[in-house]
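Biologist: I've got the sequence and the structure open side by side. Can you walk me through them?

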Amino acid sequence: MQQVIIFAEHQGGHTRKVTYELATEARRLADSLGGKAHAVALGGGAASLVEQLKRYPLDVIHVSEDPDVDKFLIDPVVDYVEALARSLGPSIVLIPNTMYGRDVAGRLAARLGAGLTSDVTDIKVENGKIDCISPKLGGAAITACTFKNAEYGVVTVRPNAFSVEASGGAAEVRQLEKPAGKTYRMVIEEDVEEGTGELGLEEAPAVVAGGRGLGGPEPFQTLLKPLADALAGAVGASRAAADAGWVPYSLQIGQTGKTVSPPLYIAVGISGAIQHKVGMRSAGTIVAINKDGGVPIGEFADLLVVGDLFAIVPELTKLVQAARAAHA
Amino acid sequence: MKIVVTVKVVPDPNSTKRIDPNTKRLVRSGADNVINPYDEYALEAALQLKEKLGADTTISVVSMVPENSKEVVRKALAMGADDAVMLSDSAFEASDVWDTARVLAEAIRKHGFDLVICGGLSDDGSTGAVPGALAEHLGVPGLTNAKRVDVTDGKLKIQRETDSGYQVVSGPLPAMVSVTMGVGEPRYPSLKGIMGAKKKTIAMSSHAELGVTDALGAGSAKTELLDVKPPPERAKGQVVTATDGAEGAKIIFDFLQQKKLV
């Protein structure tokens with residue numbers, strides 16, 4: 001494996017920080033492997049995404065605005081990436097570890113007969129051997145995995161695990177040819193916006209999560225959302241809050257929900273049982289607000305403030321807003 | 001209609017798991033194995049479909065597990081699945097995504113199916129890649145991350161969860177669907193279900209019986225586990241009591257500033 005390809009996930013040209021994390025890591029990997037760093041951007045808005053990607057140290061950006069990509073579920077995307085990988089030869093494909101990314105990864109690996117490593121937080125290259133580090137068993141084990149019996153490696157990369165460097169962008173842009181002879185059967189009939197999770201929870205730089213202590217659905221909007229906005233982050237929830245119907249399950253963090261590792265995690269009215277802990281224990285800094293000083297989250301949070309969350313959060317939001325305004 | 005649900009068996013997610021730094025093995029403090037929680041949602045989706053479509057719909061569980069997992073698989077039957085196939089063979093040990101997907105595909109093809117329903121992730125390996133890979137190996141459409149699954153006039157329609165809401169996606173049968181928690185809380189086995197499950201068939205199938213002739217497991221896997229380590233432990237941090245909102249906010253804000261997070 002020598003070439004490196006990143007899959008630039010986006011919606012109508014809007015992408016997330018993880019794409020730039022992949023681009024930065026692709027450069028480092030390509031240099032270690034003696035290959036080139038490629039990116040692939042597909043579907044409506046891909047051309048505007050290319051303009052963003054050009055700021056990063058990639059060698060080639062492959063693009064197609066084929067409308068089939070947005071009309072049919074996933075198959076056109078896998079076809080394009082598969083064709084690109086085959087044309088470049090033995091390569092490693094980096095894909096964000098998101099709901100969509102995991103789906104692309106599984107299919108692509110099956111097509112290419114590739115090895116697949118998932119939720120990777122670090123990649124080490126030694127004498128051409130690629131070791132992928134990733135947490136497993138809800139973070140209870142850190143594993144190192146390598147590829148064998150395969151010409152291709154597919155890696156899903158945990159958002160917020162790699163740094164971003166926008167420098168040395170001089171990428172060549174190439175139009176991709178449509179893979180021939182394909183028919184698509186999974187039709188996207190409708191796209192319904194529910195106004196939740198505008199920013200992908202798994203990729204947000206800060207997560208403000210609420211639990212049973214919030215007492216109902218309203219505080220997620222009136223209390224947590226403004227704080228998350230001020231921190232340019234996203235709102236999450238514990239299972240108790242999702243089970244109570246206060247928020248959609250797509251916001252649930254922990255077992256049977258999402259795993260996040262943002263630089264900052266603020267747990268509001270969440271006790272921090274093991275089911276929640278497995279979804280957020282690798283966050284950079286964990287701050288908890290709870291009326292009970294004896295909650296389990298106190299055992300692993302960097303700071304637990306014991307007090308009334310309904311009084312603290314609005315004041316904290318004001319302080320963060322003021323700091324941002326002063327900074328801007 | 002013939003529905004197949006894939007079921008993995010995992011260490012109980014509610015148990016505290018720890019890696020012994022010396023042996024590099026998982027230390028389970030009295031933890032039992034359970035059905036992968038995500039697969040319980042797949043079963044729930046299948047049972048809801050059967051309720052809608054009527055009695056001529058059957059639900060079979062296909063599970064790639066060690067032989068001693070029979071009682072865990074039986075819980076799926078107690079929840080309401082009609083029968084189960086256990087793929088148990090020491091040759092399957094150390095299977096990665098590649099091997100798991102093609103062994104499951106072979107067994108499911110042999111069993112026959114109109115619809116395969118998978119959980120979105122496993123609680124232990126968490127690659128989330130098997131459903132997509134399985135659809136590829138089966139050569140059928142794979143509709144993923146469904147929070148609602150409907151079959152009408154032999155056509156499949158799902159609501160597919162996205163970061164910003166959902167998509168309505170349709171496709172033909174046979175197909176593979178993976179589900180999210182949005183399908184609804186998995187039912188508990190009833191007493192009648194538990195009694196009935198004892199009489200249901202759990203067929204065993206080995207490597208040879210499947211007709212997969214090439215090597216499997218450690219010999220053919222495309223990834224190799226090199227090392228397992230316990231994670232760095234998070235130390236207990238500060239615990240501070242705030243008498244009012246302003247004080248609590250100030251404590252947090254100062255802390256965030258010190259960490260350069262605001």
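Biologist: Let's start simple: which domains does the assignment give for chain A?

Modeller: Bear in mind that this is a predicted model, where local features need pLDDT of at least 70, side-chain atom pairs count only at pLDDT 80 or more, and totals for chains, interfaces and linings use all residues. Residues are numbered from 1 along each chain as its sequence is written, while chains are lettered from A and ligands numbered from 1 in the order in which they are written. The bounds come from an automatic or database domain assignment. For chain A that gives domain 1 (3-175) and domain 2 (201-327).

Biologist: And how many residues does the contact take from domain 2 of chain A?

Modeller: The centres of the two domains of chain A, taken over C-alpha atoms, are 30 Å apart. A contact here means that two residues have C-beta atoms, placed from the backbone, within 7 Å. Domain 1 of chain A puts in eleven residues, and domain 2 of chain A puts in ten.

Biologist: Why do you call chain A as compact as a globular protein of that length?

Modeller: Chain A has nine helices and 16 strands; these are DSSP runs, helices being H or I of at least four residues and strands E of at least two, numbered from the N terminus. The globule rule is 2.2 Å times the number of residues to the power 0.38, and the radius of gyration is taken over C-alpha atoms. For 328 residues the rule gives 20 Å, so chain A passes as that compact with its radius of gyration of 21 Å.

Biologist: What percentage of chain A do buried residues make up?

Modeller: Buried means 20 or more other C-beta atoms within 10 Å of a residue's own, exposed means 12 or fewer, and partly exposed is in between, with C-beta atoms placed from the backbone. A:Ile6, in strand S1 (residues 3-7) of chain A, is buried, with 32 such atoms. A:Ile6 touches residues including A:Leu22, A:Ala39 and A:Leu94. Over the 328 residues of chain A, the buried share is 60%.

Biologist: Now the two chains: which helix of chain A gives the largest share of the side that touches chain B?

Modeller: The contact takes 78 residues from chain A and 74 residues from chain B. On the chain A side, nine residues, the largest share, come from one helix, residues 99-112: H5.

Biologist: Which residue is the bridge partner of A:Glu193 in S11(B)?

Modeller: Two strands count as paired if DSSP finds at least two bridges between them. Strand S11 (residues 187-193) of chain A and strand S11 (residues 165-172) of chain B pair in the antiparallel sense, over six bridges. In S11(B), A:Glu193 is partnered by B:Gly165.

Biologist: Which strands stand at the edges of that sheet?

Modeller: It's an open sheet of ten strands with mixed pairing, in the order S11(A)-S11(B)-S10(B)-S9(B)-S12(B)-S8(B)-S1(B)-S6(B)-S7(B)-S13(B). An edge strand has a single partner, so one side is left without a neighbour in the sheet; that goes for S11 of chain A and strand S13 (202-205) of chain B.

Biologist: Last one: what angle does the direction of helix H1 of chain B make with that of S8(B)?

Modeller: Axes are lines fitted to C-alpha atoms, for helices over the stretch in contact, and angles run from 0 to 180 degrees between N-to-C directions. Helix H1 (residues 37-53) of chain B packs on the sheet, touching strands of chain B that include S1 (2-6) and S8 (115-119). With S8(B), its direction makes about 145°.

Terms used. Lists of a residue's contacts leave out its neighbours within four places in sequence.
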